[in-house]
Amino acid sequence: MTTMLKITLFALSTVALLAGCNGEVEDTRPGQPVKTRQMAFKEIVRTFEPMGVMLRNDRYEADKFTTLVEQLIAKRDGPWSHFGADTNYPPTKATPAVWAQAEKFEQLHQAFIKATDELALAAKARKKEAVEAPYKRAHDTCHDCHETFKKR
Ligand code: HEC
């Protein structure tokens, strides 16, 4: 192997390592907007994911589900104000489209709010059958947004 090739391979593997450890890049900016919004998304997931597990495992419990929906509603506004102009920097997982297509990003944010409103309304029936489709629609709004606006 030539020295040049060795150096290139070393450089490539270092890049791959850094990319794999995204979470270890510190957000050093004042107020840590990237870290703050990432934490806010994680809090949303902590309420949203257990609902999905309940439904998939056929372990729906109305009280638990209602509590999770209330927590989701309480947490759903967390990330958005931390996507300020000029906050596209490592360790963000946002794509540049967040800023380049701000209107579309806002539309998908509102679709998420609407879908979670509908989920909360459906949960009042306290029946698994009532929440399944609204849960799926809310879940789809996460993916619709991530498709364009979050790196994979
Ligand atoms: C309107 C767009 C949008 C919607 C809706 C949305 N997300 Fe995201 N999400 C993002 C963006 C952009 C990021 C990347 C944030 C960053 O790294 O700066 C992200 C990041 C995340 C992360 C990664 C956090 C981390 O850094 O580890 C998780 C997990 C996540 N979202 C879950 C969800 C779930 C679950 C839903 C739905 C209940 C959801 N998101 C709805 C845009 C969205």
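Axes are lines fitted to C-alpha atoms, for helices over the stretch in contact, and angles run from 0 to 180 degrees between N-to-C directions. Helices (H or I, at least four residues) are DSSP runs, numbered from the N terminus. This is a predicted model: local features need pLDDT of at least 70, side-chain atom pairs count only at pLDDT 80 or more, and totals for chains, interfaces and linings use all residues. Residues are numbered from 1 along each chain as its sequence is written.

**View 1. Helix H5 packs against helix H6.**
Two packed helices are described by the angle between their axes and the distance between the axes. The axes of H5 and H6 cross at roughly 165° and come within 8 Å. That makes H5 roughly antiparallel to H6 (angles over 145 degrees). The crossing of H5 past H6 is left-handed, meaning that the near helix is turned anticlockwise from the far one by less than a right angle. Residues of H5 in the contact (C-beta atoms, placed from the backbone, within 7 Å) include Phe105, Leu108 and Phe112. From H6, Val131, Tyr135 and Cys145 are among them. By class, the contact of H5 with H6 has 15 nonpolar, two polar and three charged residues. Here Ala, Val, Leu, Ile, Met, Phe, Trp, Tyr, Cys and Pro count as nonpolar, Asp, Glu, Lys and Arg as charged, and the others, Gly among them, as polar.

**View 2. The shell around the ligand.**
H2 gives the most, with eight residues. The shell divides into 13 nonpolar, five polar and four charged residues.

**View 3. The loop between H3 and H4.**
Pro91 sits in the loop between helix H3 (62–75) and helix H4 (97–100). A cis peptide bond links Pro90 to Pro91, with omega about 10°. Asp86 lies in the loop between H3 and H4. Its phi is positive, near 70°, and Asp86 is not a glycine. Asp86 counts as exposed (12 or fewer other C-beta atoms within 10 Å, placed from the backbone), because it has 8 such neighbours.

**View 4. Arg126 between H5 and H6.**
The loop between helix H5 (102–123) and helix H6 (128–149) holds Arg126. This residue is not a glycine, yet its phi is positive, about 55°.

Note on methods
Helices (H or I, at least four residues) and strands (E, at least two) are DSSP runs, numbered from the N terminus. A residue is buried if 20 or more other C-beta atoms lie within 10 Å of its own, exposed if 12 or fewer, and partly exposed in between; C-beta atoms are placed from the backbone. A residue is near a molecule or strand if its C-beta atom, placed from the backbone, lies within 6 Å of it. Angles under 35 degrees count as roughly parallel, over 145 as roughly antiparallel, 65 to 115 as roughly perpendicular and the rest as oblique. Two residues are in contact if their C-beta atoms, placed from the backbone, lie within 7 Å.
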